[in-house]
Amino acid sequence: MPQHYPFSAVVGAGDMALALTLSTISPAIGGVLVRGEKGTAKSTMVRALAAVLPPIDVIAGDRFSTDPHESTPLSPDGPFAADVDVETRPVRLVELPVGATEDRVLGSLHLEKALSEGVTEYEPGLLARAHRGILYVDEVNLLHDHLVDLLLDAAAMGRSTVERDGVSVEHAARFVLVGTMNPEEGELRPQLLDRFGLTVEVAAPRDPAARVEVVRRRLAYETDPDAFGERFADDEAALTARIEGAQKLVEQVDLTDWALLKIAEVCAAFEVDGMRADIVTARAAAAHAAWHGRTVVGREDIRAAARLALPHRRRRNPFDAPGIDEDLLDQILGDDEPPPPPEGNREESQTAEPDSKPDAKPDAPTGGAADGAESDTLDATRPEDPQERHSQRGVEGPSAGEDTVAGAQQPYRPRLFTVGGTGAGESGRRSRAITETGRRIGAARRTGQGGSIHLMETIRAAAPHQVARGRLGQGLAFESDDLRLAVKEGRESNLILFCVDASGSMAARKRMEQVKTAILSLLMDAYQRRDKVGLITFRHDSAELALPPTGSIDIAATRLAELPAGGRTPLAEALLKTTDVLRLERVRDPRRRPLLVVITDGRATYGDDATGRAHQVAKHLGATGVASLVIDCETGRFRMGLAHHLAEHLMAEYVPLGEINASALTALVKGAA
């Protein structure tokens, strides 16, 4: 039974198939990030890719997949004899789980041998296993930032250096890095996005015929995987041969001065930061030319490369949507013919063109020809830019009896608000917690895989048992139960749950504009600190969970931009809704501590004894011990102070709206001094 769905059988692979193929032809491109909604065959495509790659020769018994043809192999298992045994094996697909630790990725000291035999031996990690293969990270946006940095550094440098636990090792680590993610679960920081060579946006096909073909093929594969695989065997073999030919040809591809100038003009016109975009586009264009059997980079190669290498590099902040203006790209490339190649290259370019099927798509590996179904390119989705939408919204006051939608101004740097005490949640940048990184504060028994050894505490645990263990030599007699790992204190991420008053009183005197600006600033801060966010809004006669807790800050910004204001203020109902959401989140994610942010002027105008009911619910919520913050939106010379009273009942920190801005508060303090 085939262990994978055939690569060429995926309907609508389009840009994703092309990006993966170019990265395997030229791994120096820097890998591929695939962004898309759930159920779009992201993981299926990646797992199928390894099966169509040409097999590789490795030195038998070498743990680092060394190429026997390398003159100076970078392998800790070396040096190797000239007549060393060689074996041929398929390319490996190494999957890195989201919960992987740094020592699992890099490798570390072999603890059992170090303690029992006194031998210092390096135990290779996933980077060593992925050398000359594919390293796949599903849900890469949920991986810790420092691990993503580590992977991208290794992919760019082609080697991994380990300096830890008394081990100093360097080994080759050239691999194709492929990350997949669902933007709804949270974004990668723009700095990390830039490190990926190519990025592809995928979505499910909207054409009913294409969707029917997807279902038909999937059912056929599940019914008889062997027969289904046989249908596409010829296509898979043709892909393997074509990739192998392109891998050999790419070194001969000529990047002419004309091509380099066009690439520079494109990158400059799209205002990308740094020079990485130019380098990646040049490499991808050369790989695209080799994929089509050409030895000179042309306009179509640059266009294909720019579409994959530039969109994610145009983001300036988390709320910018990735994308590229293809009309502008065509305008920059122009229609003037590039200079003809030298005679030798012209002849090679004419003779090197591989045979291809007449109905094959020019920019993607052929697929589905066995049953005559054409693969439509997946529609790339470009979410609306919340910042752009903000600038288009009006901020006028409300007319009688109607809701209004106010915009937000430019976000600012807000004050840091944290959850008190010491937590044990996921690593982040907000509240104190026991984490995998940070300063060492103690030691504990090993309860799972990974972690940093605490040498002194390990020795102290083993010392009382030396006589009973029959110690004879100078070394200590260790057992695995003696091992102690360092306990470290760092920072965790939290759940920031916004409870926003969107009633009519908030729409007066552009108050909602100030509120949205403050929330947008806090969202930006939550993004940088790797928090999850949720949004509850209340107006008229009810409260609504506008956004369930999520890691996608840009979705929260979009919901915020659409938020209207008007009607009465059901404050009690909002606090009841908040209680329900927090109770459910404690079950779903018990390690993540919440920070409740209530944004209101404190008025309660819906129902009988509205203020009394609101204060009663606030007391009940405060008694649960949830960390809370009340941001007072009341303005004007004469204030009722209702938000301050609410904060007292909620046992929350009270902060006026004007004191959210850290820079403005600093300037105020300096002025008073």
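**Entry 1: helix α13**

Which residues of α13 are buried? I began with this question on a predicted model. I found Arg299, Asp301, Ile302, Ala304, Ala305, Ala306, Arg307, Leu308 and Ala309 to be buried. Helix α13 spans residues 299-309, and nine of its 11 residues are buried, so I noted the helix as mostly covered. Next I looked up what does the covering. The elements over the buried residues of α13 include α1 (14-25), β11 (198-202), α11 (257-269), α12 (276-291) and α14 (326-333).

**Entry 2: aromatic rings**

I searched the whole structure for aromatic pairs and got five. One of them is formed by tyrosine 5 and tyrosine 221. The centres of these two rings are 5.2 Å apart and the planes stand at 70 degrees, and the pair is edge-to-face. Tyrosine 5 belongs to the segment before α1, while tyrosine 221 sits in helix α8 (residues 208-223), so this pair ties together parts that are 216 residues apart in sequence. I also checked burial: tyrosine 5 and tyrosine 221 are both buried.

I then took phenylalanine 228 and phenylalanine 232. Their ring centres lie 5.0 Å apart with the planes at 50 degrees, so I wrote this pair down as tilted. Phenylalanine 228 has a relative accessibility of 2% and counts as buried. Phenylalanine 232 has 0% and counts as buried too. Tyr5, Tyr221, Phe228 and Phe232 form one aromatic cluster.

I looked at one more ring, that of tryptophan 291. Arginine 242 lies over the face of tryptophan 291, at 3.8 Å from the ring centre.

**Entry 3: strand β8**

Which side chains of β8 point to one face and are buried? In this strand (residues 159-164), I listed Ser160, Val162 and Arg164 for the buried face.

I then looked for the partner of β8. Strand β9 (residues 167-172) is joined to β8 by six bridges, and the two run antiparallel. Within this pairing, valine 162 stands opposite valine 169 of β9.

**Entry 4: the six-stranded sheet**

I traced an open sheet of six strands, in the order β17-β16-β15-β18-β19-β20, with mixed pairing. At the edges are β17 (542-550) and β20 (653-656), each of which pairs on one side only. Neighbouring strands of this sheet are turned by 15 degrees against each other on average, direction ignored.

Strand β16 (residues 532-539) is joined to β17 by six bridges, and the two run antiparallel. Leucine 535 has leucine 547 of β17 as its bridge partner.

**Entry 5: loops and backbone angles**

Most residues other than glycine have a negative phi, and most peptide bonds are trans, so I looked for exceptions.

Where does histidine 540 lie? I placed histidine 540 in the loop between β16 and β17. Its phi is positive, about 60 degrees, although histidine 540 is not a glycine. With a relative accessible area of 36%, histidine 540 is partly exposed.

Methionine 651 is not a glycine either, and has a positive phi of about 55 degrees. I found methionine 651 in the loop between α22 (642-650) and β20. Its relative accessible area is 58%, so methionine 651 is exposed.

For the peptide bonds, I noted a cis bond joining glycine 78 and proline 79, with omega at about 0 degrees. Proline 79 lies in the loop between β2 (56-59) and β3 (86-89).

**Entry 6: arginine 530**

Is arginine 530 buried or exposed? I read a relative accessible area of 18%, so arginine 530 is buried, the limit being under 20%. Arginine 530 lies in the loop between α18 (511-528) and β16. Leaving out residues up to four places away in sequence, I listed what arginine 530 touches: Asn141, Asp145, Glu187, Arg189, Gly428, Ser493 and Arg592.

Conventions: Residues numbered from 1 in each chain as written. Predicted model: local features only at pLDDT ≥ 70, side-chain atom pairs only at ≥ 80, totals over all residues. Heavy atoms only, no water. Pairing = 2+ DSSP bridges. Helix = DSSP H or I, 4+ residues; strand = E, 2+ residues; numbered from the N terminus. Axes fitted to C-alpha atoms, helices over the stretch in contact; angles between N-to-C directions. Buried < 20%, exposed > 50% of the residue type's maximum accessible area, 1.4 Å probe, protein only. Contact = heavy atoms within 4.5 Å. Phe/Tyr/Trp six-rings, centres within 6.5 Å; stacked < 30°, edge-to-face > 60°. Lys NZ or Arg CZ within 6 Å of the ring centre and 35° of its normal.
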